[in-house]
Amino acid sequence: MERKPFEVETTKKDEDQKPYSAVDGGGSDSVDSFDEDQKKLVYRGWKVMPFIIGNETFEKIGIIGTLSNLLVYLTQVFNLKKYTAATIINAFSGTINFGTFLAAFLCDTYFGRYKTLSVAVIACFLGSLAILLTAAVPGLHPTPCGTKSSCEGPDGGQIAFLMLGLALLVVGAGGIRPCNLAFGADQFNPKSESGKKGINSFFNWYFFTFTFAQIISLTLVVYIQSNVSWTIGLSIPVGLMFLACVIFFAGHKLYVKVKASGSPLAGIARVIAAAIAKRGLKPVKQPWVDLYNHIPRNYANLTLKYTDQFRFLDKAAIMTPEDKLNSDGTASDPWKLCTMQQVEEVKCIIRVIPIWFACAIYYLAISIQMTYPVFQAQQSDRRLGSGGFKIPAATYVVFLMTGMTVFIIIYDRVLVPSLKRVTGLDTGITLLQRIGAGIFFAVLSLLVSGFIEERRRSIALTKQTLGMEPRTGDISSMSAMWLIPQLVLAGIAEAFTAIGQMEFYYKQFPENMRSFAGSIFYVGAGVSSYLASFLISTVHRTTEHSPSGNWLAEDLNKAKLDYFYFMLTGLMFVNMVYFLIMAKFYRYKGSDDKGVSAIETSEEETKKQEKNSV
């Protein structure tokens with residue numbers, strides 16, 4: 001796929017020459033000078049991957065190692081109640097994900113990817129260090145509770161220092177997530193065959209290292225934190241984050257550093273402003289012919305065909321006697337006259353919003369599966385074998401990652417070739433079909449979770465227990481391995497929806513908005529985290545004094561967590577129906593030119609996707 005010919009930090013001359021983009025609405029028309037600057041670039045490709053992938057691996061192990069067991073840390077070290085800790089974690093995760101949108105804006109508009117990542121990796125290191133100090137310095141956490149039923153909570157200073165560490169992690173993770181993948185892809189020449197293959201391979205390595213880091217963090221690091229020492233366990237992520245910083249900056253002189261090229265949000269605002277200003281105009285009879293559509297030779301984005309959806313935006317491209325053009329054919333006032341191409345790009349974004357909303361609700365299931373199964377594991381039999389070894393409660397989430405990793409291989413090697421023979425699509429199924437399949441598995445995961453919890457609580461109340469978990473309740477004799485099915489199903493849901501969603505945004509957004517495309521993926525997850533916090537708090541307050549008991553009580557044996565799971569199953573089913581309706585009317589982005597389109601490899605395959613949109 002062709003990527004946008006970005007401006008790169010090379011010489012002073014580069015600063016005066018930028019490629020034109022419809023969303024940005026401006027730039028130089030000098031194709032020759034831009035091509036000359038492009039030829040000066042040295043794309044080192046895989047030669048710099050040890051720096052980028054090495055940084056990515058250690059950074060992910062570091063930050064995930066800090067955050068993966070944070071739920072248990074807040075309850076055991078900071079003596080917070082379970083629902084309070086779960087609320088904090090969900091709000092924290094949501095803030096990180098919302099931070100990616102701000103980071104993408106600052107990256108594309110002012111700083112560029114390299115500078116944004118430089119600040120972000122340092123912030124991650126400092127944030128991990130602050131969390132370590134809350135465990136290592138006695139005055140930065142409450143007095144250990146032990147087996148007491150009533151514990152002393154943290155004071156204002158301790159909470160403030162903890163929040164400082166979390167805030168630094170928000171800055172770091174929020175900056176890394178939308179920029180890291182694109183920064184690695186920038187190191188390959190998008191116009192050469194080897195460069196295109198390198199970009200695709202890098203994407204695979206990126207998701208591999210991400211999953212590998214999660215597995216290491218959820219097993220080795222979590223085990224040390226839970227069974228050896230919180231101080232030692234949190235020192236490992238700090239050391240790895242420092243190593244990630246060293247590796248990243250070691251490649252400073254070798255990277256291709258894309259410069260900021262202006263905010264693409266300005267172009268969206270121009271289309272909307274022009275459409276509102278011209279709302280009184282009558283629609284043209286043949287918009288694909290009559291609408292203003294000047295496209296410069298070095299245009300950054302793929303040329304789009306006219307679509308008849310959201311036709312009120314077409315008025316932004318209707319020329320009136322008051323509209324003037326410059327000598328090069330561009331509009332003298334881009335806030336009053338936009339091109340049809342600009343309008344179509346805004347339509348692409350609007351079409352994505354209903355799909356994005358459904359995916360945000362979908363992530364509610366994943367947010368819950370990353371928190372409450374940990375509490376379920378704490379009150380289940382976690383012994384492995386006869387040696388007395390106990391699997392840390394937070395480690396069970398690794399089965400979600402394992403399910404995702406294994407199913408990705410099955411999907412790519414088995415399902416796609418089989419489905420390709422049926423559908424004729426290179427991807428086997430369309431992107432929306434892939435996302436929809438993931439939402440279905442999310443519904444199934446929550447349904448199974450409810451039945452498993454019902455069984456766990458029933459065994460705890462009717463059969464001999466295995467002792468008591470401090471500050472919670474009796475430990476059910478049901479093996480915690482029964483939690484694996486719900487987590488594997490959630491992993492399969494992620495294999496379908498997470499990767500499908502990332503690819504969907506990447507292909508459906510205008511080319512010069514791909515940093516934003518990456519950010520809204522995380523913003524959707526952020527919305528679900530906040531929604532999870534809201535639901536947990538609301539259910540807790542609503543059922544706390546009800547005759548049937550608190551659904552989310554500290555002691556899960558006295559709670560009705562299975563009711564909570566079944567409620568979420570119903571909500572997720574409604575969301576699946578909504579997604580199917582929205583997907584049925586979705587139109588994939590197409591291309592007028594004969595080159596590779598943004599959604600498939602040919603116009604014919606784009607039509608196939610439109611025909612099989614669900």
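The largest nonpolar core here takes in 137 residues, and Leu432, Phe504, Tyr505 and Phe564 have the most contacts inside it. A nonpolar core is a set of buried Ala, Val, Leu, Ile, Met, Phe, Trp, Tyr and Cys residues joined through side-chain atoms within 4.5 Å; buried means under 20% relative accessible area, exposed over 50%, and partly exposed in between (1.4 Å probe, protein chains only). Apart from that core lies another, of nine residues, among them Met404, Phe407, Ile429 and Ala495.

Keep in mind that this is a predicted model: local features need pLDDT of at least 70, side-chain atom pairs count only at pLDDT 80 or more, and totals for chains, interfaces and linings use all residues. Residues are numbered from 1 along each chain as its sequence is written, and side-chain values use heavy atoms, with hydrogens and water left out.

**Aromatic pairs**

- The whole structure has 32 aromatic pairs (rings of Phe, Tyr and Trp, the last by its six-membered ring, with centres within 6.5 Å; planes under 30 degrees apart are stacked, over 60 edge-to-face, the rest tilted).
- Tyrosine 114 and phenylalanine 248 are stacked, because their ring centres are 5.5 Å apart and their planes at 20°.
- Both tyrosine 114 and phenylalanine 248 are buried.
- Phenylalanine 440 and phenylalanine 441 make an edge-to-face pair, with centres 5.7 Å apart and planes at 80°.
- Phenylalanine 440 is partly exposed at 42% relative accessibility, and phenylalanine 441 is partly exposed at 21%.

**Aromatic cluster**

- Tyr114 and Phe248 also belong to one aromatic cluster with Phe183, Phe249 and Tyr255.
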